[in-house]
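Hi everyone, thanks for coming. Please have a look at the model on the screen, and then I'll walk you through it.

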Amino acid sequence: MELIIGPRTYSTWSLRGWLVMKRTGADFTVIDARYETEAQKAALRAVSPSGFVPVLKVDGELIWDTLAIAEWAAEHYPQARMWPADPLARALARSATAEMHSGFSALRNICGMSADQPMVGDARSETPSDPGLDRDLSRLVLLFGQMRRRFGGAGPWLFGEWSIADAFYTPVAARLRHFQIDLADHGDDGTAGAYAATLLAQPDFRLWEAEAQA
């Protein structure tokens, strides 16, 4: 298997796909792609149906969306327990993951990750001010708080044990750190902030961060 990813310093979707694949315990090769120049973009389009990353290549077939990669991994590596075992918790975890996959547009656009605003390392930027961003952050606090209080007894992750939802929210925690966002300003009682810190301390993310800095 080959996983094509973008720059580790700022490719948030690549990080999500990579975290999921690491969780499977399977052997896979990482192929680094860049897309700053037209030549690099053309080279990426030659191996990615969408022209974006990540892309998982398995037995000659291409899976080119992060959520699709995650679902493929959950189906093929059930021992990794990618989703909660409880049906209701699993439905909520899928809801939270899908919300991240398609929502939080203000957070993505205003607190974007780039070579100048990396999601790893010590670089920091001031928090921008925007009503849409405030709404997204308040939603994060509500979502994190509700799920942690409901399922936290089973472990430190969003639904107790680690799931695909945690992979999808790890880059969010990196954005919060980089832009020095204090979730207490958006109603957090400490629950959401503690969860974000847990994501940033996860060993696989720390490995990604070290490789990005290298």
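Let's begin with a pair of side chains: E99 and R139 meet in a salt bridge, 2.9 Å from N to O. By salt bridge I mean a side-chain nitrogen of Lys or Arg within 4 Å of a carboxyl oxygen of Asp or Glu. E99 sits in helix α4 (residues 87–102) and R139 in helix α6 (residues 131–151), so this pair ties together parts that are 40 residues apart in sequence. Helices here are DSSP runs of H or I with at least four residues, strands are runs of E with at least two, and both are numbered from the N terminus.

Before I go on, a word on where this comes from. This is a predicted model, in which local features need pLDDT of at least 70 and side-chain atom pairs count only at pLDDT 80 or more, while totals for chains, interfaces and linings use all residues. Residues are numbered from 1 along each chain as its sequence is written, and side-chain values use heavy atoms, with hydrogens and water left out.

How many salt bridges does the structure hold? There are ten. Another one joins R149 and D189, whose closest N and O atoms are 3.3 Å apart. R149 lies in helix α6 and D189 in the loop between α7 and α8 (191–201), so here again the pair ties together parts 40 residues apart in sequence. R149 and D189 are both exposed.

Then look at R8, which forms a salt bridge with D32, with 2.6 Å between the closest N and O atoms. R8 is in the loop between β1 and α1, D32 is in strand β2 (residues 29–32), and 24 residues separate them. R8 counts as buried because its relative accessible area is 17%. R8 and D32 also belong to a network of salt bridges with E211.

**Pockets**

A pocket is found on a 1 Å grid over the protein atoms alone: it is an open set of points where a 1.4 Å probe fits, with protein on both sides within 12 Å along at least five of seven lines, and its lining residues have an atom within 4 Å of a point.

The largest pocket has a volume of about 490 Å³. It is lined by 21 residues, and those closest to its centre are S11, W13, Y35, F52 and V53. Which element gives the largest share of that lining? That is α2, with three residues.

Let me stay with S11 for a moment. S11 is in the loop between β1 (2–5) and α1, and at 5% relative accessibility S11 counts as buried. Apart from neighbours within four places in sequence, S11 is in contact (heavy atoms within 4.5 Å) with G6, Y35, V53, M119 and W208.

The second largest pocket holds about 210 Å³. Its lining has 14 residues, with W83, P84, A85, D86 and E161 nearest the centre.

**The nonpolar cores**

A nonpolar core is a set of buried Ala, Val, Leu, Ile, Met, Phe, Trp, Tyr and Cys residues joined through side-chain atoms within 4.5 Å. The largest one has 64 residues, and L158 and Y169 have the most contacts inside it. Helix α7 (residues 164–178) gives the largest share of this core, nine residues. A second, separate core has five residues, including A33, L44, V53 and V55.

**Some backbone details**

To finish, the backbone. Most residues other than glycine have a negative phi, and most peptide bonds are trans. With that in mind, find the peptide bond from V53 to P54, which is cis, with omega near 0 degrees. P54 is in the loop between α2 and β3 (55–58).

D59 has a positive phi, near 50 degrees. D59 lies in the loop between β3 and β4 (61–63) and is exposed, with a relative accessible area of 78%. The phi of R81 is also near 50 degrees. R81 is in the loop between α3 (66–76) and α4, and R81 is exposed at 53%.

Note on methods. Points joined across faces, edges and corners; volume = space filled by probe spheres on them. Buried < 20%, exposed > 50% of the residue type's maximum accessible area, 1.4 Å probe, protein only.
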